[in-house]
Amino acid sequence: TYVVTENCIQCKYTDCAEVCPVECFHEGPNFLAIDPVECIDCAACVPECPADAIFAEDDVPEDQRDFTALNAELSKHWPVILRKKAAPADADEWNGKPGKRPLLRR
Ligand code: SF4
Ligand code: F3S
């Protein structure tokens, strides 16, 4: 499966959801999560993310490994998102900021 990681938080550009062929992105307040059961490992979403937040499970950075389980859990509770929508007005300011993990809202 592919995994959305920390840099999506507060950026949520949603370009990824638009290109996914199997509708596996789920939308929370300030983060998107991939349903690992639905993901077919096509990798189409990876280059679309302006925050470079999506990784193949095997390539998730060491300090973000917990995001694999987090995507599985959160995607169960959040609705599917199929189309790109406007990113938060301050998304570009958050892009690349470290330490966003505590800001993740459920
Ligand atoms: Fe969707 Fe493909 Fe990305 Fe999986 S790898 S989330 S199937 S676009
Ligand atoms: Fe997040 Fe990147 Fe998608 S910032 S919403 S993973 S395009």
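A residue is taken to be near a molecule or strand if its C-beta atom, placed from the backbone, lies within 6 Å of it. By this criterion, 13 residues surround ligand 1, the closest being Tyr2, Cys20, Cys39, Cys42 and Cys45. The model is predicted: local features require pLDDT of at least 70 and side-chain atom pairs count only at pLDDT 80 or more, whereas totals for chains, interfaces and linings use all residues. Residues are numbered from 1 along each chain as its sequence is written, while chains are lettered from A and ligands numbered from 1 in the order in which they are written.

The shell around ligand 1 comprises twelve nonpolar residues, no polar residue and one charged residue (nonpolar: Ala, Val, Leu, Ile, Met, Phe, Trp, Tyr, Cys and Pro; charged: Asp, Glu, Lys and Arg; polar: the others, Gly among them).

The protein chain contains three helices and four strands, assigned as DSSP runs (helices H or I, at least four residues; strands E, at least two) and numbered from the N terminus. Their order along the sequence is β-α-β-β-β-α-α. The radius of gyration of the protein chain, taken over C-alpha atoms, is 12 Å, close to the 13 Å that the globule rule gives for 106 residues, so the chain is as compact as a globular protein of that length; the rule is 2.2 Å times the number of residues to the power 0.38. Of the 106 residues, 34% count as buried, that is, with 20 or more other C-beta atoms within 10 Å of their own; exposed residues have 12 or fewer, and partly exposed residues lie in between, with C-beta atoms placed from the backbone.

In helix 2 (residues 66-77), Phe67, Thr68, Leu70, Asn71, Leu74 and Ser75 are buried. They cover an arc of only 160° around the axis, which puts them on the same side of helix 2; the arc is that of the directions from the helix axis to the C-beta atoms. Asp66, Ala69, Glu73, Lys76 and His77 are exposed on the other side. The cover of the buried residues includes strand 1 (2-4), strand 2 (25-27) and strand 3 (32-34).

Isoleucine 34 belongs to strand 3 and counts as buried, with 26 C-beta neighbours inside 10 Å. Beyond its neighbours within four places in sequence, its contacts (C-beta atoms, placed from the backbone, within 7 Å) include Tyr2, Phe25, Cys39, Asn71 and Ser75.

Technical notes. Contact = placed C-beta atoms within 7 Å.
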